[in-house]
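Please have the sequence and the model at hand.

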Amino acid sequence: MTPRKKTILWIIAIIVLAIIGYAVYYFASIYNGLQGLQKSAENSPFKSVTPVEVKIPDPPKWEGTEPVNILLMGVDARGIKEGEVPRSDSMMVASLDPVKKRINVFSILRDTYTDIPEHGQDRINTAITHGPNTAMKAVGDLLGIPIQYYVYTDFQGFIKLVDAVGGVDFYVEKDMYYPSNADNHEYDIDLKKGQQHLDGTTALQYVRFRHDATSDFTRTERQRAFLKAVAQKMQSTTSIMKLPNILEQVSPYIDTNLSVNDMWKLATVGYQSQMAGSEQIPPMKLLKEEKIGSASVLTVSSESKLKQYIQDIMNKPETVPVSSEGKTGTPTNTNTNSTTSGETGENGSTGSSN
């Protein structure tokens, strides 16, 4: 072998080793980052909560046929004493169907009055103060579906996530302004109408804003729309390459019962799936505003109809497109209830069937 060929082989060998080394570092970093999301008992935000025997569904056996339902909870931890668990500021359920490759998102109005297992009736946003198992059971009973997993974070976790993915280009449908005197203006909301690049701080302003005529109703729509935009950004090649850094940034602010193995499999399902729709729970047709004691709450006019409503959405048949010649094509997942980040209408609607 000539010296020239030996040199080329050495260069190739060094490049291959460098690629392998980076791959090992990359996946090890991801593994460590994912592992850090599941907090040990002493680091758990729920360490001071007295455990209650609440039976929650076992995780699916990952045979690729069973839907997976995850409760996503965002809390406002401002002014909370050490060891206290704040009420959830937002609650969503992401339902992933591995067969239909579809994701449905349900955002639950936080003033919904319902059964809190072992704690009587109260607003749904109080469930998390009794621990994540109670919150999963309360939401699962309300929707009539098994909730196997939860993901819990606070304001700072949300800010870190949006900043870590490089922010999100998003259409703000109207001017939004609300000064926060109680927080020395740390969480003031001041956004202008139009397409803009939202970083973590301005994104938090957008998803928190509820100081308009429809209050929490349109706020949950905004949250679902923005969640979809973040998910799309996370699927980009750039964000995937930055995944170890993203996990490092958000890990201190997140708790979950998902194992690393669960996360890998969920990521695979999620990456292959399309957003099928996003809905407010309870829907307007089943929602009643009531006064219980001195509190204004939202109740469900028919629990059985609500559960059927959820099933109708999750089991909605796939649309078969028809060409101009009348020929049918392969079934495709259509998104009739949600929009992309740049399509939010001027009235604040994200296209849900509220």
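Arg219 and Asp89 are both buried, a term that denotes under 20% relative accessible area, with exposed meaning over 50% and partly exposed lying in between (1.4 Å probe, protein chains only). The structure is a predicted model, in which local features need pLDDT of at least 70 and side-chain atom pairs count only at pLDDT 80 or more, whereas totals for chains, interfaces and linings use all residues. Residues are numbered from 1 along each chain as its sequence is written, and side-chain values use heavy atoms, with hydrogens and water left out.

Side chains of opposite charge can pair when their charged atoms come close. A salt bridge is defined here as a side-chain nitrogen of Lys or Arg within 4 Å of a carboxyl oxygen of Asp or Glu. Six salt bridges are found in a search of the whole structure.

One of them links Arg219 to Asp89, with 3.1 Å between the closest N and O atoms. Because Arg219 belongs to helix 5 (residues 215-234) and Asp89 to strand 2 (residues 88-97), the pair ties together parts that are 130 residues apart in sequence. Helices (H or I, at least four residues) and strands (E, at least two) are DSSP runs, numbered from the N terminus.

Lys137 forms a salt bridge with Asp141, the closest N and O atoms lying 2.8 Å apart. These two residues are four apart in helix 2 (residues 132-143), so about one helical turn separates them. Lys137 is partly exposed at 25% relative accessible area, and Asp141 is also partly exposed, at 37%.
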